[in-house]
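Me: Hi! I have a new model open and would like to talk it through with you. Could you help me find my way around?

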Amino acid sequence: MNQISLFEAKVANGNGEQTLSRDVYRLGRRFDFYRMLSFYFTTVGFYFSSMLTVLTVYVFLYGRLYMVMSGLEREILQSPSIHQSKALEEALASQSVFQLGLLLVLPMVMEIGLEKGFRSALGDFIIMQLQLASVFFTFQLGTKAHFFGRTILHGGSKYRATGRGFVVFHAKFGDNYRLYSRSHFVKGLELLMLLILYEVYGESYRSSKLYLFITFSMWFLVASWLFAPFIFNPSGFDWQKTVDDWADWKRWMGNRGGIGIPPDKSWESWWDEEHEHLKHTNIRGRVLEILLACRFFLYQYGIVYHLDISHHSKNLLVYGLSWVVMLTVLLVLKMVSMGRRRFGTDFQLMFRILKALLFLGFMSVMTVLFVVCGLTISDLFAATLAFLPTGWAILLLGQVSRPLLRRLGVWESVKELGRAYDYIMGVLLFMPIAILSWFPFVLEFQTRLLFNQAFSRGLQISMILAGRKDKNEEKKDPTRSRAPY
């Protein structure tokens, strides 16, 4: 799967560069309409459509977030003329059929039906679903959309070594995280938070079953983007390999970077390489990146006015106090980081005293908020959903403004913030894998699913052919030693 993803990323980058090229511009200016359609669908059209499919999910969920947080949805539902009408709900439910991908599956079923018969076409379709083909191609949709869109914004496509041959091996958790962190995991968690907010604060479809039909495809998209690399990973739920993967990932997160250290040995080297495209982008790419990062501020702006501690106040002062809390949390994290560097090795007692003082101060503030201001447990979870995207937006803005932050001397703080976010995302992704690895039947089911009879037969044939080739080479050159397989 990793080889296929690297190949898809390379081709998506190439199509993004073609979209920006002068040759495509000149051909588009000289073609007539029908030849232009043919040229579009045989070159960059597939990748552009894939990007639009993903963007449509973002537009729908952020539109729902705006309606829920602004109170517009409540006003619409309370209107007497709309309250008795179910036309909007029925329209959204009908379009959910197309979200499931049935419209895209129909041409394939028709083609197989015309060649082999519709009974065979239906059987092949069912077998493909049992083999998790929908999960695989949904995951590859995210690969195409991410790398094509990033090339459109910043350019700078590069060659990616995809490897050759019949490869079956267990990919470590760190390898999967480095490969899919920015392209799938971050986007999957963002869509997951949008769906959670839509479920918690939304009021429509509470009395009907249409919510499942409307958002099922989006939940499926989130699950595929977050867990497909681990489902298709051989021995991905083996307990011993899970323990080894966790130790390897923690070692990778803690290693310091530097000149000559590859990205698979240090998080810092990987982080610098992952955002290398921002070093060479132009002003247009930086401005668009800043505008896209500002979407994360919508979480904080909408949620803080729904907290119980705000007492339903719509004053702008509530939003300002939320920024005071956010900056205070970042300042405390910075103090802990500085204390670890200065007192962590030589002055263990000073570092422990500093942590104890910060803990006592935190408990005192929380006690005052609970007793005096009316803070609730639900507010804590809501504040987490509000401030985590805000911190990520600050991190994205810091990456775009890297030259300026280096001159100001705060770039190391931004890097530490990025390390903290990667650590949190790694823990959230690793917890379900660790839980499923406790149960042996999960590994057995995955092995049966991945290594079916046809796959095992192909593996045996490849080993036999490799052995025959090796014997023939030994007959030609008896002095040559046998290569290990």
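Predicted model: local features only at pLDDT ≥ 70, side-chain atom pairs only at ≥ 80, totals over all residues.

Me: Which stretches does UniProt list as "transmembrane region"?
Reply: The UniProt entry, which is unreviewed, gives residues 39-61, 210-232, 316-336, 357-377, 383-400 and 421-443 under that name.

Me: And how far apart are the end C-alpha atoms over 316-336?
Reply: They are 31 Å apart, and that stretch is 100% helix with 0% strand.

Me: OK, zooming out. How many helices and strands does the protein chain have?
Reply: There are 23 helices and zero strands. The chain has 485 residues, and 38% of them count as buried. If you take contacts between residues at least 6 apart in sequence, 76% join residues at least 24 apart.

Me: Now helix H14. Why would you call it largely enclosed by the rest of the structure?
Reply: H14 covers residues 267-274, and six of its eight residues are buried, so the rest of the structure largely encloses this helix. The buried ones are Trp267, Glu268, Ser269, Trp270, Trp271 and Glu274.

Me: Which helices do those buried residues pack against?
Reply: They pack against H10 (133-154), H11 (173-201), H13 (239-254), H19 (377-400) and H21 (411-437).

Me: And which residue caps the N-terminal end of H14?
Reply: That's Ser266, with a side-chain oxygen 3.3 Å from the backbone nitrogen of Glu268.

Me: You mentioned H10. I've got my eye on Lys144, so is that one buried or exposed?
Reply: Lys144 is a residue of H10. Its relative accessibility is 8%, so Lys144 counts as buried, the cut-off being under 20%.

Me: What does Lys144 touch?
Reply: Leaving out residues up to four places away in sequence, Lys144 touches Glu8, Ala12, Phe46, Tyr47 and Ser50.

Me: Switching to Tyr62. Where is that one?
Reply: Tyr62 is in helix H4, which spans residues 45-70. With a relative accessible area of 12%, Tyr62 is buried too.

Me: Which residue's side chain does the Tyr62 side chain make a polar contact with?
Reply: It's Arg295, at 3.5 Å. Beyond residues up to four places away in sequence, Tyr62 touches Glu190, Leu194, Arg295, Phe296, Leu298 and Tyr299. Tyr62 and Tyr299 are 237 residues apart in sequence, yet their C-alpha atoms are 9.8 Å apart.

Me: Nice. What about Leu291, buried or exposed?
Reply: Leu291 is exposed, at 55% relative accessible area. This residue lies in helix H15, residues 283-293. Its C-alpha atom is separated by 9.4 Å from that of Leu397, which is 106 residues away along the chain.

Me: Which residues line the largest cavity?
Reply: The lining is made up of His170, Ala171, Lys172, Phe173, Asn176, Phe230, Asn233, Gly236, Thr242, Asp245, Phe430 and Ile433. By type, five are nonpolar, five polar and two charged. H11, H13 and H21 each supply at least two residues of this lining.

Me: One last topic, backbone angles. Which loop holds Leu132, and what is its phi near?
Reply: Leu132 is in the loop between H9 (118-130) and H10. Its phi is near 60 degrees, a positive value in a residue other than glycine. At 22% relative accessibility, Leu132 counts as partly exposed.

Me: And what is phi near for Ser235?
Reply: Near 55 degrees, again a positive value in a residue other than glycine. Ser235 lies in the loop between H12 (210-231) and H13. Its relative accessibility is 27%, and Ser235 therefore counts as partly exposed.

Me: Great, thanks for the tour!
Reply: Any time!

Notes. Residues numbered from 1 in each chain as written. Heavy atoms only, no water. Buried < 20%, exposed > 50% of the residue type's maximum accessible area, 1.4 Å probe, protein only. Helix = DSSP H or I, 4+ residues; strand = E, 2+ residues; numbered from the N terminus. Contact = heavy atoms within 4.5 Å. Polar contact = N/O pair within 3.5 Å; in protein donor to acceptor, adjacent residues only side chain to side chain. UniProt positions renumbered as here; feature names shortened; annotations may be inferred. 1 Å grid on protein atoms, 1.4 Å probe; cavity = no way out; pocket = protein on both sides within 12 Å on 5 of 7 lines; lining within 4 Å. Nonpolar A, V, L, I, M, F, W, Y, C, P; charged D, E, K, R; others polar.
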